[in-house]
Amino acid sequence: MFDEEKVISDILKGNLNTFQIVVKQYQNLVYSILNRMLTSDEDIEDVGQEVFIKVFENLKSFKKESKLSTWIARITYNIAINYLKKEVKKKYDNLEENIDFQFSSETPESKLIGKEFDVYFNKLIRELPLQYRTVITLYHLDELNIQEVQKITKFPEGTIKVYLLRARKLLKEKLQKDGYP
C-alpha cells in the first residue's frame, strides 16, 4: 500500500531512496500523458526525466490540496506544454523555403496491416488538437475525473466537457472514415 504522506515525509527528511517509490508509483501516469502529447520516444524520455526532477525539486511546496497524482500530472502537463512551445518556435525558426510535400497512397487497410488497433487508435489520438488529446487522455485513458482534469489543465469544467465531446466526435468520424462502425 502506498502511503503518500509517509513517503513525502521520508523524502523531505532526506531519504532520497524513497523517491524511487514515487517514480515507480507515478511513472505510468507521467508517460501516459507524455505519450499523448509528444511524438518522439526520445522527447518523451527526456521530458519524463525532467518531470521527475521537477517533482523532486518542488515536493516541499506540495500543499496536499489535491492528490499527489493530480499534482504530478499537472507538472507533467505544464512541462510538456512548455516543451511543445519551444519545439514549435524551433520549427518556425528553421523552416526552409523549399518544402517537399509527399502524398501517401496508403489505404486505411494497408495502414492497419501488421498493427494492433490500439496503436492505430493512439495515432488517431495524437492527431487530435492538443487540448482535445490532453483532455481525452487524462479523462479516459488515465481515468481521472473532471475535477482532477480541471486542476491539471486549469480549463473550466464546461470547456473540458466540450473538449471531450469534440474529441470523441473527431475520433468517431476518423474511425468511420477508415471503415470502422
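At 39% relative accessibility, K123 counts as partly exposed, a class between buried (under 20% relative accessible area) and exposed (over 50%), judged with a 1.4 Å probe on protein chains only. K123 forms a salt bridge with E127, their closest N and O atoms being 2.5 Å apart. A salt bridge here is a side-chain nitrogen of Lys or Arg within 4 Å of a carboxyl oxygen of Asp or Glu. E127 is partly exposed too, at 42%. Both residues lie in helix 6 (residues 117-127), 4 residues apart, about one turn of the helix. Together with K174 they are linked in a network of salt bridges.

This is a predicted model, in which local features need pLDDT of at least 70 and side-chain atom pairs count only at pLDDT 80 or more, while totals for chains, interfaces and linings use all residues. Residues are numbered from 1 along each chain as its sequence is written, and side-chain values use heavy atoms, with hydrogens and water left out.

The protein chain has 9 helices and 0 strands; helices (H or I, at least four residues) and strands (E, at least two) are DSSP runs, numbered from the N terminus. Of its 181 residues, 39% are buried. Among contacts (heavy atoms within 4.5 Å) with a separation of 6 or more, 66% join residues 24 or more positions apart.

T76 lies in helix 4. Leaving aside neighbours within four places in sequence, T76 is in contact with V30, I33, L34 and V51.

Helix 4 (residues 68-93) also gives the most to the lining of the second largest pocket, with 3 residues. The lining includes W71, R74 and K151. By class, it has 2 nonpolar, 3 polar and 6 charged residues, where Asp, Glu, Lys and Arg count as charged, Ala, Val, Leu, Ile, Met, Phe, Trp, Tyr, Cys and Pro as nonpolar, and the others, Gly among them, as polar. On a 1 Å grid over the protein atoms alone, a pocket is an open set of points where a 1.4 Å probe fits, with protein on both sides within 12 Å along at least five of seven lines; lining residues have an atom within 4 Å of a point.

The salt bridges number 6. In helix 9 (residues 157-177), K161 and E157 are 4 residues apart, and their side chains meet in a salt bridge at 3.1 Å, N to O. E173 and K169 meet in another, at 3.9 Å. K169 is exposed, at 53%, whereas E173 is partly exposed, at 39%.
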